[in-house]
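Dear colleague,

Please find below the structure that I am handing over to you.

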Amino acid sequence: MYIEPHGHMVSRTTDDYERMALAGCQAICEPAFWAGFDRASAEGFYDYFRQITEYEPKRAAKFGIQHYCWLCINPKEAEDLKLAEDVIALIPQFIDKPGVLGIGEIGLNKNSRNELRIFEQHVQVAQDYDQLVLIHTPHLEDKLKGTRLIVDALKNFPEIKPERVIIDHVEEHTIDHVLDHGFWAGITLYPESKCTPHRAIDMLEHRQAERIWMNSACDWGVSDPLAVPKTMQAMRQRGWSPEMIQRVAWDNPRAFMGQSGKFKM
């Protein structure tokens with residue numbers, strides 16, 4: 001059994017739910033995300049938040065999978081400050097829904113001033129409502145710069161505890177910075193722009209799988225909703241014990257998300 005802690009299922013077909021269930025997926029967590037185009041109004045986000053809090057859980061339940069989600073406006077749309085602030089104002093209406101785990105995936109895309117401003121406003125909401133935080137790091141050559149900006153910004157929020165924050169899409173040059181500051185780290189298994197299974201396993205072995213989860217981040221782009229179970233198979237081939245595989249694919253995401261009180265696995 002495994003948990004998919006970062007999957008954008010609104011962009012996937014129902015067949016993907018079936019395939020994931022057959023592979024052993026017990027729960028999927030869906031961070032709020034860019035839709036592949038810039039949305040024109042906060043009303044579009046209102047409907048999107050309804051989709052991931054009310055309707056997507058029903059689609060997952062047909063295959064015996066529990067569905068959870070996170071709320072935010074993704075950093076790709078943070079340059080429009082008025083839109084972003086209007087969307088952030090919607091979050092309190094949804095934050096008490098049964099499957100909402102916290103604020104995410106917030107973060108940086110191009111490391112701009114506007115992105116950082118909206119990131120900090122999201123973190124303020126998380127602090128005000130005592131929420132977990134899931135953070136997106138850039139997929140560019142300045143990933144390390146963006147990660148450092150994020151870690152520095154979080155220091156301005158004393159009530160945000162590092163153990164309640166996961167910084168996702170880490171790679172070899174950022175994982176130590178994240179874990180050494182006490183945060184959780186997410187490794188994303190993505191065919192083109194993120195990590196291959198063997199790179200991910202190398203990082204897991206380097207840090208002995210501490211405070212790390214792995215995810216597919218499957219979305220509307222070229223991605224694989226079965227990336228986690230495929231990597232579990234690669235772990236077996238590398239000689240990992242069943243207990244260590246379970247730690248990464250089940251125990252770690254369960255431990256982190258269980259801090260919300262809503263995650264029941």
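The findings are set out below, from the whole chain down to one residue.

This is a predicted model, in which local features need pLDDT of at least 70 and side-chain atom pairs count only at pLDDT 80 or more, while totals for chains, interfaces and linings use all residues. Residues are numbered from 1 along each chain as its sequence is written, and side-chain values use heavy atoms, with hydrogens and water left out.

The chain contains 9 helices and 8 strands (DSSP runs numbered from the N terminus: helices are H or I of at least four residues, strands E of at least two). Its C-alpha trace spans about 50 × 40 × 35 Å along the principal axes.

Of the 265 residues, 56% count as buried, that is, under 20% relative accessible area with a 1.4 Å probe, protein chains only. Among contacts (heavy atoms within 4.5 Å) with a separation of 6 or more, 74% are between residues 24 or more positions apart.

As to charge, there are 30 positive and 39 negative side chains, where Lys and Arg count as positive, Asp and Glu as negative, and His and the chain ends are not counted. The centres of the two sets lie 2 Å apart, each charge being placed at NZ of Lys, CZ of Arg, CG of Asp or CD of Glu.

Finally, Thr 147 belongs to helix 5, residues 143–154. Thr 147 counts as buried because its relative accessibility is 0%. Leaving aside residues up to four places away in sequence, Thr 147 touches Thr 137, Thr 174, His 177 and Val 178.

Yours sincerely

Terms used: Buried means under 20% relative accessible area, exposed over 50%, partly exposed in between (1.4 Å probe, protein chains only).
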